[in-house]
Each structure stands twice: as structure tokens, then as C-alpha cells.
Amino acid sequence: MQIVTLSETDSLPIAASVVSVGNFDGVHRGHDLLIKEVVTRAHREHCSSVIVTFEPHTRNVLFPNAIQPILSTFEEKAVLIEPYGVDYLVRVPFTAAVAAMPAGEFVDNYIIGKCKARHWIMGEGHTFGKNHGGNKNFSHKSKGKNDIYIVAVPSLALNDRVISSTEIRANIVEGRIDEAVTMLGHPYLMVSRRIAGVKKGSQLGYPTLNFINLTSNKVLPPPGIYAAEVAFNGRRWKGALYFGDCPTFENRDRHFEFHIFDYNGEEPEEGASAGLWLHSWIREDRAFKDTTTLTASIKRDIENIKKFFSREKEQCR
């Protein structure tokens, strides 16, 4: 997968494409339908498959006074989209000028002009362009015009609720990680940079890798213990993830700590990034009266996390 940032004067070096456009925040199961349709149709039409996403999130430009919480940074979107076999992941800098562009102009300039699209795969409720002019009526009238066909993909529902990034954000913030993961179709990804620790985990018999807290608009779960995986160098390890400020010891900044179950000595260097994949909530963060009580709790947490992964493995058979 090639990653391209398109300026106002750039275009992709391709003859034709099948494209889908959106924020793709979280790359959830609804997005999964769009991306798979793009790749399948591109293969059938002998075109390039192209996913176009915006940076920053469109709401950050449309509503500059309100911070838009995000499920995925662009780096995280790339990690999540690459396994689909997409040819190009395109980043469009979203500015006030792009936001003010009428729907027809956006199609001419970006979809046809820059991406050479023959087919545009669009979510059923997706709108684009100034004042949301690119709506269902626009899509219907545009079918077959300008050598481009717009294909609407129905929204995906779960338990009679449409899967959306908004719903997933609420689930994560409120600690309903299992529900969020079900809607995402994958564990929740947080890419973070490794930092130096104070070796408390090693002193307690449970060494950890420490990772920095994330940007202010990244959606984070409540402080606590989670069943998770850490990924780097193309491999993933299961383990226990702690998120919080270590209230038992006080005076720590909020951060992540990851204890690998099957540690083999391989680990990201300090300053290097790794993916933290959140599977399930185990318990809330709390202060313990002494290290003996804390160590006993860590032991129980690890037992519970191993049971979780064992159940998950059985369900996948």
C-alpha cells in the first residue's frame, strides 16, 4: 500500500481507480464493507483501489472551537487499512477551502481529477461538499455522468443500532470495551511511543514496557487494567495493559504500562512506537494500601486476562 498526501496541485500516477472517501475514524465494521467493495471492484475493473481520508478530522475544521475526539490518528488508520490490500491510502489536507468546495467541484477536482475514479463507493448516509450538497439526490443524479459511477453501500447495524464512530467513541470513554471491539471488528488500536519507566513493575516481579500518554483528542479508555496485545517489528504479544497514574505510588503522570506474558527479550527501543491493541476491560484503577496487596491484585489480573484470551481462542475455533 502506497501512502500519498495530495496537495491542490497533485494527482495520483494512475490511469483509473475505484475510490471511497471519508474520515474512516476507527476503521470499523461499516468501513470494512466499503473498503472490501473498493478492493473487489478494483480487481474486477482492473483499476487501482484508493481510500481517501482527511487530515485533520473534518469536524476540527467545520467546528474549530470544539475539539473533535478521534478513534484513529492517520498513522493508526494506515495500520488498520493496510491488511485489506488497498493500492493507495490518500491523505487530503482538510482546510476551510476544501470544506467550502461545492460537491460538484469536489468530484471534479479530487475524485475524478486527482484520483481518476471510475467508481466511487459511498456509505449510504455519507454527505460531502459545501452545506452537505453531496447527498443522496446528488449521488442519484450523478450516476453515469462524467465517466463515474457512484455506488451506495447500506449502513451496517448491530442489535438495531447503526455502527458509527460516534457510538464507538462513547463505548470506549465509558469503559464498554467489549461493545466497542464488537462494533470495530478488531481490538481498539492505540499507537504510542515507548518511554523510560521507574522499574516498579520489575521490583514487584512483573516487568513492564512503559508508553507515553496520547494526544489530547485521541479517545482513551478509563484508567484501569485491560486484556491487550502489544505489536512491533511485525509481531504481536498478549499481555496485561495498565493505564493510569499509579495512585499507589503517587506523583506519576498518566501513562501506559504493558506486561508481556511470553517475553523473549524482544522489545521496542525507548522512543520507538508500538501498537497497543485493547481487547477487554478487566478492572478499574485504584490505590492499594501496600505493595503486597498490589502484587496479589496483579496476579489475579493476569490470571483473569489469560482466561479471557483462552475463551477468545475457543470462540474462534
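Modeller: Helices (H or I, at least four residues) and strands (E, at least two) are DSSP runs, numbered from the N terminus. The model is predicted, so local features need pLDDT of at least 70 and side-chain atom pairs count only at pLDDT 80 or more, while totals for chains, interfaces and linings use all residues. Residues are numbered from 1 along each chain as its sequence is written, and side-chain values use heavy atoms, with hydrogens and water left out.

Biologist: Where do Glu-37 and Arg-41 lie?

Modeller: Both lie in helix H1, 4 residues apart, about one turn of the helix.

Biologist: What makes Glu-37 and Arg-41 a salt bridge?

Modeller: A salt bridge requires a side-chain nitrogen of Lys or Arg within 4 Å of a carboxyl oxygen of Asp or Glu. The closest N and O atoms of Glu-37 and Arg-41 are 3.0 Å apart, so the pair meets the criterion.

Biologist: Why does Arg-41 count as buried?

Modeller: Buried means under 20% relative accessible area, exposed over 50%, and partly exposed in between (1.4 Å probe, protein chains only). Arg-41 has 14% relative accessibility and is therefore buried, whereas Glu-37, at 24%, is partly exposed.
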